[in-house]
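Student: I've got a two-chain model open and I'd like a close look at one part of it, then a walk through whatever else is worth checking. Could you take me through it in one go?

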Amino acid sequence: MNSILFSFGVMAAEAHGITGYIYPNEFELHWGLLVVLYPYLTGLVAGAFILASLERVFNVKVIMPVYRLSLLTALAFMLVAPLPLLAHLGHPERSFEMFLTPHSQSAMAMFGFVYAWYLMVVLLLEVWFDYRKDIVIKSREKRGIKKYFYKILTLGSTSLSEKALQFDNKAGRLITIIGIPSAFLLHGYVGFIFGSVKANPWWSSVLMPIVFLFSAIVSGIALVLLIYIVTSLVRWKQLNMACVNKLAEFLLYAMLVDFSLELLDFIQRLYESEESIAILSEMVSNRLFISLIITQIILGSLVPMFSIIMARFGRLPDELRRILYFLAAILVQVGIFSTRWNVVVGGQLFSKSLRGLTVYKLEIFGLEGVFMTIFLLLLPFVILYILTKVLPPWSDSDKSMSAPQG
Amino acid sequence: MQIKKRTNIKFNVPQQLIPLGILFILVITALIVARYLLVPPTFGELGHYRSQAIEDNLAHPMSYAGYYSCNECHDDMMELKNQSNHRGVACEVCHGPAAKHIEDPSEYLPDAPRDRGFCPLCHGYDPARPSGFPQIIPALHNPGHACIFCHDPHNPLLPHAPEECSACHRDIANQKAVSHHATLDCTECHVVAAEHLTDPRSALAQKPVERALCGKCHADDADASKGIPRVEMASHGQRYLCWDCHYPHSPEAY
């Protein structure tokens, strides 16, 4: 009877897609789609910001047209980045307690401070200094409620003297310089959380923060590239081809670094061949085959790299180039999302006994479901739309909006 | 508006820093005030938690009297139980929380679980329980009578020694019953002293140590039934014990 029960157990497990032996508490994954979304969103923030800082700190003049756009993109995604975590944990009303009673030994508890620093000291300040001149001008030109709105945004600092503008510029630069390590911190931190889980051979790796960082840069550049192409189309403006080419070039370099880092990580694991290697290879060749081999590596890395190389260095008409860049950037987004998926979900698919695999079942409705994820993915674009209405980032339309002097 | 007035005065500090400075001071003050108001007073005294929580828990009314407190009045019963197989089972596990009974024994008497449903909580068969733990299948084991009709709960002696190893090793017996070794008796492979059936831990049954045991039936030249599959003892499985690869209670040849 025992073995009949046992074979029932096996049959039930097979019906659930479980293979091999897993502990009872590994049946269900606790970090689901929303926890995949969270590193994806913070990655976009860090990436977009680092792109903006290229112009500011390293004086890459060509990408001027997307400088402000990438700042606003970073801001819009930053505002949404903590929402998946809040929805995942439940009880969002308790989240402020980690500010009140900071726990310095817990990396997760310190997130609030990393986030607050990045949002308030880096992003908001940089946007404010960058737009202050425009805000002041608007507060003078607009009428009615709008006038007061912009007046409040000036915070009372309305001087447009040469000296004041110069200071804006200097302050912006300084903040960007502080901002780069902060952006590294923000996303390195996310990788750190995963990399420091000693008990999980799929996560535990010192390379984790660095790989996260570079994939963040990749996703951020690709996102700004996408937004730039789409907004130009919608606004019936000529794309600045030099800028797009440069963006694609940066994207390619970042992808090369990212890809080789991941390859390095992979080879190291293979060479070390720790006892987990058997189950991890089984996981990669079964459970993660589509999301890792197909979408992350082939569609998300190799194909876009190849098409960017073709478009950037081949002799193609601009039309075709744009299309290739566009497709490549979309594939990169899909690829980076699968990267996050493979890290977060992959790390929970295999049993700590190293002898079995479980499956992840997506929730459709509910606080952690697909619809919530789609909503949280669209929300930053809505915020970005509003931001561009309030603080237009375009350098090519409105005469009164002037670009900073860099 | 106040700020606006100030801008007319010549400041060495750049004008932008004043509102920003005020804003940041406001935020930080808000944080400090919120901390002051919202952090519970005893937080952090002993660790990263509210130490008053300990007092709060201490203030809960006590329901259990504890194992040793029964000894004061029921020492005879305590002595009886402590030399029995229920020595590891505390009185209040069966009789429920009895703190009130200790305060006033005549006023409050604890319950005694007399019905059949209770004992199978521990003794009903469950393959997850360790092999050797006495387990019965309640539907089959003397149905219709209360357990205490035959077993004294404070000294659960068995009326007579169990006849089957399955009384305590049902998990193994069940597994063996549907395996290739179904026809084999447990004693074919295990030497079991009679005391093992009454006081199992003081006389543990022996486990096989030599592969020759399996050779009795499976060696090429063994004097056993023709249908039994044979292996060449010298080479098959090399120097490993047969049960390093085959589970003896449910052997498989893959």
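Student: Let's start with B:Glu163: is that residue buried or exposed?

Tutor: Bear in mind that this is a predicted model. B:Glu163 is exposed, and its relative accessible area comes out at 67%. The cut-off for calling a residue exposed is over 50%. As for where to find B:Glu163, look in the loop of chain B that runs between α7 (120-123) and α8 (166-177).

Chain B puts 25 residues in contact with 24 residues of chain A. About 2000 Å² is buried between the two chains, with carbon and sulfur atoms giving 72% of that area. You'll find 0 salt bridges between chain B and chain A, while 6 residue pairs are in polar contact, both partners being at pLDDT 80 or more. On the chain B side, the elements giving two or more residues are α1 (2-7), α2 (17-38) and α8. The largest share, 10 residues, comes from α2(B). Sorted by type, the chain B residues that touch chain A split into 16 nonpolar, 6 polar and 3 charged.

So where are the salt bridges? Over all chains, the search turns up 11 of them. Side chains of opposite charge can pair when their charged atoms come close. In chain B, B:Asp56 pairs with B:Arg50, the closest N and O atoms being 3.2 Å apart. Both ends are partly exposed: B:Asp56 has 34% relative accessibility and B:Arg50 has 32%.

Over in chain A, have a look at A:Glu55 and A:Lys61, which form a salt bridge with 3.8 Å between the closest N and O atoms.

Another chain A pair is A:Asp130 with A:Arg68, whose side chains meet in a salt bridge at 2.9 Å, N to O. A:Asp130 belongs to helix α6 (residues 111-141) and A:Arg68 to helix α3 (residues 67-80), so this pair ties together parts that are 62 residues apart in sequence. Both A:Asp130 and A:Arg68 are buried. The pair also belongs to one network, in which salt bridges with shared partners join A:Arg56, A:Arg68, A:Asp130 and A:Asp134.

Staying with chain A, helix α9 gives you a geometry check. It covers residues 208-234, and at 1.5 Å a residue its 27 residues should span 39 Å; the end C-alpha atoms are 38 Å apart, which agrees. Of those 27 residues, 22 are buried, so α9(A) is largely enclosed by the rest of the structure. After α9(A) comes A:Trp236, with a positive phi near 55°.

Positive phi turns up at a couple of leucines as well. A:Leu155 has a phi of about 60° although it is not a glycine. You'll find A:Leu155 in the loop between α7 (144-154) and α8 (162-195) of chain A, where it is partly exposed at 24% relative accessible area. A:Leu354 likewise has a positive phi of about 60° without being a glycine. Its place is the loop of chain A between α14 (346-349) and β2 (356-357), and at 25% relative accessibility A:Leu354 counts as partly exposed.

One last stop is A:Ser307, in helix α12 (residues 289-313) of chain A. A:Ser307 is buried, with a relative accessible area of 10%. A polar atom of its side chain lies 3.1 Å from the backbone oxygen of A:Pro304. Leaving aside neighbours within four places in sequence, A:Ser307 is in contact with A:Leu324 and A:Ala328.

Technical notes
Residues numbered from 1 in each chain as written. Chains lettered and ligands numbered in written order. Predicted model: local features only at pLDDT ≥ 70, side-chain atom pairs only at ≥ 80, totals over all residues. Heavy atoms only, no water. Helix = DSSP H or I, 4+ residues; strand = E, 2+ residues; numbered from the N terminus. Expected span 1.5 Å × (residues − 1). Buried < 20%, exposed > 50% of the residue type's maximum accessible area, 1.4 Å probe, protein only. Contact = heavy atoms within 4.5 Å. Buried area = accessible area lost by both parts, 1.4 Å probe. Salt bridge = Lys/Arg side-chain N within 4 Å of Asp/Glu carboxyl O. Polar contact = N/O pair within 3.5 Å; in protein donor to acceptor, adjacent residues only side chain to side chain. Nonpolar A, V, L, I, M, F, W, Y, C, P; charged D, E, K, R; others polar.
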